Each structure stands twice: as C-alpha cells, then as structure tokens.
Amino acid sequence: MITEIQLENFLFMHKADLSFSKGLNVITGETGAGKSVLLEAVKLLLGKKSRAGIVLKGQKQAKIQAEFDIQGQTALQNYLEEAGFNNEEDPNTLSITRTFKEDSNGRVLVNGLITTSSLLKGIGPYLMEIHGQNEHQTLLDPVTQRELLDKTGNSDFHEKLNKLKEIYKNRKDLQEKLEELESKSQHAAERIEELEAIKKDLDELNLSDPNEEEELKETLKKLSNSEQIINALQGSLACLAGSDEVSGATMLSYKASEMLRKVADYDSEIEDYYKRITDLYYELKSLESDIEAKAENSDLDPEKLFEIQSRLSEIQRICRKYSTDFAGLFELSENCDNELSELTEPDQSRNKLLKELEQINKEFNALVSEVTKDRVKLAQNLNKSVSHEMEHLGFNSAVFEARLEPIEPASHGAENIEFYVSLNPGAPGGPLRKIASGGELSRVALAIKKVLANSDKLPTLVFDEIDTGIGGKTAEAVADSLRSLGEQKQVLLVTHLHQIAKEGTHHFTVTKSVVDNQTEVNINRVEGENRVEELARMLGRTDEDGLTFARSLLKS
C-alpha cells in the first residue's frame, strides 16, 4: 500500500507531504479546488506519460516521491528483483521518484536507481488500481475479467489451471515436433540428395587427421624455402668442418684442447679449461654430423611442393563452399551422417509422437471440460453476489453476468470471460466496457472489488467520482460499502458527499487560493474540529447547527 507521497512544485501545488494508512482515505474540497492534482500524481507514479505544464509556473523542476509498503507482496518483490530494482536494505519498502522539467526530460527512480516510465507501468498493476471517469481500466480487459473470476475458485480449481498450463505446453511441444518431423519427411528426398552431395565432397577429401591442415602448412613452409635451407646448412657445415686449406671450428677446438692438455697437470684452473673445451669439441663434432645428415636429406622437391599446395587448395575450396573452417568439416561430416540416418530409417519417430499426442489430447480435453464446468459454477456465484452488491449500491434491479464465451482451447481453457451488466430496469444489457459511464463503472468496480476482496491481492484501490449522480440512501449504501472495503484494503477516494467523507479513516482536504495573481493548491490532512468544519462545508451548513450536525455524524 502507499504510505507517503511528497509533491513539490507540481501543477498548482508548492509542497505537500502526505501520509496514508490502511482503511478509507477520503479527499474532499470545493469543486475546482484541484482534487485532481493528487490523482494526477498517482497516475504518473504508475507510469503515465508526462506532459507540458506539470512544473509550477516560475519553478525549474517538479517532483513526486512516494513510499510503498510491499510486505507480503511476493510477486512484486520477485518482479523487482528480476528487473534489478529490489530494495536490498529493506525488501518490504518500495520508493518511486519522478522529477519533471519544462525544458528537458525528467528522471524516474525506483529504489534510488534510474529507470524509465516503462518499468513503472510494469510495477503499477501490483500496487493499485484507479477507477474513474475516462480512465483505462484493467477491469474492462477480458483477460483481467477471466483472472478475477478464476480468483474466486478454491485450491483444487487453481491446481487444475496450473496443470492445464503444463499440459498445454507439453501438447504444443509435441505438435511442434510432429510438424517439424512431417516437414522434414516432405522434403526428405531432396534433403537426402543434398546431404549425399556434401558427403561425397567430404569423402573425396579423405579426411582423417584434424591436425592435417596445420602439418601441411608447416611442410609447405619448409619446401617453399628448401633452397635457402640447403644453402644455410651447407654454409654452416663448411664453418664447422673446414677444408683442405682452412681448419673449421671443430678442428680448431680439437687443437685448442690438445694444447691445454699438455699443461693441464700444472694448473687446476687450466685443467678445467681443458675439460670444457674438450666437451665443446665433442658437441661440435656431433653437431657437424647432424647438420651434414640434414643437408644430405634436404633437397628440392617440386613435385611434393605441388602436391601439398594442391591438397591445401582443395581443403580451402571445400571450407569456402560450406562456410566453415577445417575443424568444422569434421563436424559437418558427423552431422550429415546423423541426419541421413534419421531420414533413411523407418518412420518410427512419427508413430511414437502421434501416440503421445493422442494421449495428451485426451488429458487436455478432459481437463478443459472440467475447468469449463467449474467456471460455470464460479460465474453463477459471482453473478449472484455482484448483482446483489450492485443493487445495494443504487442500481435498481441491476443484473451482473460473467459470461463464458467459447474460444479455441488454450492454456487458460476453452473460454474468454466478458462481464455483462444491465444497470437499469428495462434497459438492454451489454458488455461492461460499453455500457457503464465513468461514475457507474466506479460503482460496478466497487461492487466487484467488494465481492472479491478476499481473493484479490491488489493492496490499494483508488476511486474518482464514485459518487456521481447519487445521494440519499444510495450514498449511505456506497459509504457503507467503502468503509467495509477499507477494512480489507487501502482505499483512496475523491468524494463530494458528506455521507462518504464521514466514513473515512483519514480525511484530506484540498483548497485553492490566489497569491500574487498565481493559483496555489494545498492539500492537508484534517482532524478534530478542522474535520468537523470540512463536513459542515460539504453539508452547506457552516453555522453552529451545521457544525453540531457534522459532529454527530462523525460520532455516530
């Protein structure tokens, strides 16, 4: 429920800081005083698009801030958490702030995080519902009407609805699999031909080693530079082995070793040099042999070079043809084998799916039938209760009917629900969305909400102009119904009638004044004698007798 709302420089209001609580919160004031200011603020909090003229004249920015107590509203808390806007410090509290500027876009904050009005539209249905003239009401939506009727069902009925959704999903999955299989079967011959062509290309490529491409590239690099390699090896060998005229590095190291050997016994340090250079000689001798062998085995091989180039060219051609890399060719080959196996094996899969679908269709149709029968009973009970409540609210001989309209069976059943009403004796009935005016719709909504109060989890209801065109006993009946509804939900109500205002748990008044040629609107909570005076004003009797009567109304 909404607990606080703060307004700054909003429309005609400089500042207001209001606290609401459970029960019936009534808002009163002279006609044209600006009671719509608060309702407009609430609509903006629920995601209504802002407009020009929201900022108080002469000010740079307007602000609306509200706090909500969402304790026990698990669905809303989950929604906020999934969206990343949960209140980590206090999950039971929701804060919404909107700022507005005349020359630029304002900001939307949810629990201190910047967002958009789209998120507010998602949050709104969890917080409150507004019933008033020319308002788009969720109550008029057939989906909402079906949900409202379903809420009156017991736990067994809700279990059936959940099972119906599950079976419908499984049934749809089976149908999609069957359609996919049949579609494949229709194009099987064409697809088999296509797959066999792919397999022919891959078989001719004779794939065996996933590392082949890299090894071929490495070999190609060697063969492409074989002349350079041979020259380098031979030159290196000449440096080590030397020639008839010049000693190479290997022989020079041997001679150095022999010179040191002769004097190694005289100096331990020289002995170490001798051992080191002797090791070097043997290493160079071994290296000379390896290089010589490598040089002898390295030769120019144009045929092998051409062979490798051709092989790589063919691999790259097939990769381009099937838009993949070398590793992908192995995966493509495996996929082709699997799909060919499916397409060429006997049609056992289709028969299996058909049997499963036949069984699940039986379960689905049986459950749909049960849900329809249950809804018929629920509708009969709802029709009786709401019709009685509507008559109590001033609709003489009113008839309410939650009508089941058959549709193609779906996850929610085989019918849509449309609320029909006949509000006046002799007048033809029709869909609620077409028959009721703003004030009538508010009273019909009140009747429905009164009946569904225990099953509807919406914490707050806002009524505007619910008292349009009523008075006397009807007004007293509406007031009694609102007071009773306020015992179960938080109700915010704009009213012109003292019969309703006197029932308020909390009472707020809206006043308008002109200061320096500028209109200002103020809204304040009234208690005690101030509330007595406001009721007397609504009675049109501000004298002592009127005040006395107002006191008696509040006391009673």
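**Note on a predicted chain**

1. The accessible surface of the chain comes to about 31,000 Å², and carbon and sulfur atoms hold 46% of that area. Areas are computed by the Shrake-Rupley method with a 1.4 Å probe; for residues, only the protein chains shown count as cover.

2. The model is predicted: local features need pLDDT of at least 70, side-chain atom pairs count only at pLDDT 80 or more, and totals for chains, interfaces and linings use all residues. Residues are numbered from 1 along each chain as its sequence is written, and side-chain values use heavy atoms, with hydrogens and water left out.

3. There are 19 helices and 15 strands in the chain. These are DSSP runs numbered from the N terminus (helices H or I, at least four residues; strands E, at least two). The chain is more spread out than a compact globule, because its radius of gyration is 44 Å, well over the 24 Å that the globule rule gives for 556 residues. The radius is taken over C-alpha atoms, and the rule is 2.2 Å times the number of residues to the power 0.38. Along the principal axes, the C-alpha atoms fill a box of roughly 145 × 70 × 45 Å.

4. Of the 556 residues, 42% count as buried (under 20% relative accessible area; exposed is over 50%, partly exposed in between; 1.4 Å probe, protein chains only). Among contacts (heavy atoms within 4.5 Å) with a separation of 6 or more, 69% join residues 24 or more positions apart.

5. Glu534 lies in helix H18, residues 528–539. Glu534 is buried, with a relative accessible area of 10%. Beyond its neighbours within four places in sequence, Glu534 is in contact with Thr28, Gly29, His507 and Thr509.
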